[in-house]
Amino acid sequence: MGCSAYCFHCLFDHGTPVILVVSSKKVGFIFRLLQLCIIVYVAVYVCWYKRAYQERDSVISSVSTKVKGNILTNSSAFGTHVWDTSEYVIPPQGENSFFVLTNAIVTQGQTQGSCPEIPSEFTNCQSDSDCKEGLKEIRGNGVQTGKCVQYSETIKTCEVLSWCPLENDTVIPKPALLSAAEDFTVLIKNNIQYPKFKFRKRNILRHINSTYLKNCTFNHKTDPHCPVFRLGDIVTESGEDFSIMALKGGIIGIFIDWSCDLDFNERFCVPKYSFRRLDNKNPENNVAPGYNFRYAKYYMNNENTETRTLIKAFGIRFDVIVFGMAGKFNIVPTIVNVGAALALLNLMKVICDWFMLNCLSDSEYYSKHKFKHLKPKDESETFSFTDQSSYGTP
Amino acid sequence: MGCSAYCFHCLFDHGTPVILVVSSKKVGFIFRLLQLCIIVYVAVYVCWYKRAYQERDSVISSVSTKVKGNILTNSSAFGTHVWDTSEYVIPPQGENSFFVLTNAIVTQGQTQGSCPEIPSEFTNCQSDSDCKEGLKEIRGNGVQTGKCVQYSETIKTCEVLSWCPLENDTVIPKPALLSAAEDFTVLIKNNIQYPKFKFRKRNILRHINSTYLKNCTFNHKTDPHCPVFRLGDIVTESGEDFSIMALKGGIIGIFIDWSCDLDFNERFCVPKYSFRRLDNKNPENNVAPGYNFRYAKYYMNNENTETRTLIKAFGIRFDVIVFGMAGKFNIVPTIVNVGAALALLNLMKVICDWFMLNCLSDSEYYSKHKFKHLKPKDESETFSFTDQSSYGTP
Amino acid sequence: MGCSAYCFHCLFDHGTPVILVVSSKKVGFIFRLLQLCIIVYVAVYVCWYKRAYQERDSVISSVSTKVKGNILTNSSAFGTHVWDTSEYVIPPQGENSFFVLTNAIVTQGQTQGSCPEIPSEFTNCQSDSDCKEGLKEIRGNGVQTGKCVQYSETIKTCEVLSWCPLENDTVIPKPALLSAAEDFTVLIKNNIQYPKFKFRKRNILRHINSTYLKNCTFNHKTDPHCPVFRLGDIVTESGEDFSIMALKGGIIGIFIDWSCDLDFNERFCVPKYSFRRLDNKNPENNVAPGYNFRYAKYYMNNENTETRTLIKAFGIRFDVIVFGMAGKFNIVPTIVNVGAALALLNLMKVICDWFMLNCLSDSEYYSKHKFKHLKPKDESETFSFTDQSSYGTP
């Protein structure tokens, strides 16, 4: 045979393994059963449930929020006061996290100066020797001057340099100042994108009209696509009581799940909302429970010294957390999974072979026919021509 | 044979399937063609296009932004007023989302009190009976006192407790107060990290010097790596008209794509910028179009009552959205894909076998040689020794 | 044979390849070696190191932060002044990025008006002709009036309309105003979730009690799970010097790594903290080094004109960056990897076959027995019945 003929053979000869067909019901049954399991697993679990034939991408998103509502309060700190959005939403701009004030401790007319500390085990004193000039007690409110002064008729505390008079936050207003905030509504606009699939969508769906949007309120059953949420409903759905949570504040997560199967029409890709409290309300293994922060409004008083109103703001921070994965058919993961399934089917064959060659009464008989034992050439030049007899020495 | 000899056989015997080589041009041609397809698919699509041999990681990023520019306006609300960054960027700190004020409705000298509502279908009244004490009309601006009072000479509206005088936002200044804001520039600093690959980079590339940075402006063609962007350019590139968008505001996404192939030198890993409007400018299926929020500056007036200037701020919120996936060669996905390709090549063999055994004129002849039919032992003890004749009963 | 009998055969016949067993120590050794490599690779690298049998999900997180500490400063700009959290944390609300003021340039009593520019190569002038009315020099501080006025006795600069007097930020206070801020502590609360596995956890672990939390400070060795961090420690761990960084500010990343193997008990899933400077301190290929922004406090002065105190705030922005991937056993990736390993084992067989058929002295002998060459039917009707002799024509 010439070289070109050899190449031709290389290219177009088709090698196919010689197959021994065994007519054993046991082995056949086991094999078909295993095959069926693999096929059912691949069809049901891999394809239908896990959609492993899909390429995946995670969502990128942009959120804007807008809170609405007015409250009239009548408290000793504020007098009769109407609260509007620009006062109780801090900061006023609605991004993917917004804070609604529900309670406040107000300290008016603070100026830089010195005054007695709020009584506590770290600040109480008997004489000047209990106070240390320059000490910045981490649980205190200022820098000690070293003097021990009268806080009230009976209690003496160290004097501090600070914004005076000091805030006394030991008593929290109860009921919460703005407990009526549960009637406020928030409009959440969310724009998402799956860059790999060039897919974009808004949470205000295309078939919803402006009239509906202006009057609806979100409800899981009746209005699942309305982007306007009542704060009280959000808190209730996350399993909390608004009036209790309003006292010390907390963090509520508004989860928007955009998990989508993009092999279907894009109109099936809709956001699913859920709500959950994120901070720990359990007083054990906790520190600084609730959610609060201090901010101040600065003024110049008539003597042209800087004065401020310090507000310790308790309230609920709502975190809009957008997540989700989109899947779309792609040939690479498909082939990877088909390949894995084929390899498994092969493995099943090997298992059946093993069963056939070890567990059946006819095993030796099958193995005799399945294996052709070939001895190294030197010792078996003639032997190989009588290979059927080699079946006798497994 | 002894036991150790048996183990020795187990360990070092090599089993290889007996192959029937068929010299059929048809089958050979189909097989090679299928093989070629698989190899081309793996080489071109899987390896080159999808880079399926790579392990992936998604980006984590930190952004800081700084807006620059001054504007002189001459409006009835502000008089001659020069705006600097600390006034029109709200909040002043530049994080991955910054807001530039472009238009404003200013209501000066508000104090807590009562005043007639802004006329609307919900607030107009004929007599006190049309108003309800304590009502917090959600589309209103305060809490009704129950009185119906003169708003203007011809219109009567319900009186409300609120910050008075009320803001009238029915007329938006046109052209926008700060429409010249399109000349502002923003410096975006972005620091990214792919934790899995311990890869870090900045959007200010290493070969760029400070002199260039101080004078350049981003341009897709001429300055694609300059981190200083003109606001007007961003808006134009996202397909919008700045002067129109400045009226009612909106949200623009500044997308920074850090998709990288880390098998190449890290200097090829550069950010790609793109811009797109994120909010819905379509008036249908929309509510509260544009982007605005209210904030207030608080003062103590001469009678020591709290006074505020309320500003309804319209403007453009720029969201810097950093995304991307980096890939780097890893043996696990490589082997998974090689394995899948091998499984596919095997499948091609099976397909060719099926073709050979079913679609060719010589099928029966091939099948006679490929299959050795083995009957269960009891009925065929002798038969098996004459297995060539079993080819006659497929 | 009838049709049903044929179907029966199709269903329960088991085909198994006929195997040629070669007793060659060389081939056997190579094969076992390759097999061992694959198995070790799969067991050690794929399963143990890469955990490729796991399904993965990325973390979603919510962060709240609270800074504590007081500082007494004595500077020309502020006089004796005690700083509390509401003053030096800007904005006051603790989200996943918080800014601590460390240095400041204060310009008091600014009102809208006209004044000479700060001298620089762009603003110095000799006469009015060097200034251009209406010019908004991008590196300047206002809109030029067109006049050239005396800035100091020797220097003349263009006059601008702006908030006057202008801020002069050429000299930065040194040492930093609040360089003592390194003693401040920050409490970081982090709540994470892996939605795919319905797994939730907090960085305040369940076994930690409130008493410990109130007194601990994070330390990699002694207190790795304490959520209270000293700012100075954070900066030191990221390889910086607080007193130097405090001068011009910067950005520090607080990385919380939640990478977890959820096949183990959830108590092993704990956050790992690390710290790194994110901005570029290198003066080359940099612009606007450090981190600063300007904000203002607005007042009405006695003549009822708006006055402001402008503060150029230098400081450290701490970005809490939460990342991580959780893995949990799942059958789909397991089977994909098992499939790939099986395909590899098969490939090893092919390689051994190739070695056996090409590199051994007995190659021809082996190949004679491995391959049964089958000629097309027409030319070889009789030949096929003597296929053992076909071994003679490889």
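Student: Which residues do ring pairs link into a cluster with Phe99(A)?
Tutor: One reminder before the answer: this is a predicted model. Ring pairs join Phe99(A) to a cluster with Tyr291(A), Phe293(A) and Tyr295(A).

Student: How many aromatic pairs are there over all chains?
Tutor: The count is 57. One of them is Tyr41(A) with Tyr45(A), a stacked pair.

Student: Why are Tyr41(A) and Tyr45(A) separated by about one helical turn?
Tutor: Because they are four residues apart in helix 2 (residues 25-49) of chain A.

Student: Is Tyr41(A) buried or exposed?
Tutor: Tyr41(A) is buried, at 17% relative accessible area. Tyr45(A) has 25% relative accessibility, so it counts as partly exposed. The cut-off for buried is under 20%.

Student: What are the ring planes of Tyr194(A) and Phe199(A) doing?
Tutor: They stand at 40 degrees, so the pair is tilted. The ring centres are 6.2 Å apart. Both Tyr194(A) and Phe199(A) are buried.

Student: Where does Lys370(A) lie relative to Phe371(A)?
Tutor: Lys370(A) lies over the ring face, 5.8 Å from the ring centre. In chain B, the charged end of Lys370(B) sits over the ring of Phe371(B), at 5.7 Å from the centre.

Student: Now the strands. Why is strand 16 of chain A largely enclosed by the rest of the structure?
Tutor: Count its buried residues. Strand 16 covers residues 292-300, and seven of the nine are buried, so the rest of the structure largely encloses it.

Student: In which sense do strand 16 and strand 17 of chain A pair?
Tutor: Antiparallel, over nine bridges. Strand 17 of chain A spans residues 306-323. Tyr295(A), a member of the ring cluster, stands opposite Ile311(A) in strand 17.

Student: What do strand 16 and strand 17 of chain A form?
Tutor: A hairpin, with five residues between the strands. Look in the turn for Asn304(A): its phi is positive, about 65 degrees.

Technical notes:
Residues are numbered from 1 along each chain as its sequence is written. Chains are lettered from A and ligands numbered from 1 in the order in which they are written. This is a predicted model: local features need pLDDT of at least 70, side-chain atom pairs count only at pLDDT 80 or more; totals for chains, interfaces and linings use all residues. Side-chain values use heavy atoms; hydrogens and water are left out. Rings of Phe, Tyr and Trp (its six-membered ring) pair if their centres lie within 6.5 Å; planes under 30 degrees apart count as stacked, over 60 as edge-to-face and the rest as tilted. Helices (H or I, at least four residues) and strands (E, at least two) are DSSP runs, numbered from the N terminus. Buried means under 20% relative accessible area, exposed over 50%, partly exposed in between (1.4 Å probe, protein chains only). A charge sits over a ring if NZ of Lys or CZ of Arg is within 6 Å of the ring centre and within 35 degrees of the ring normal. Two strands pair if DSSP finds at least two bridges between them.
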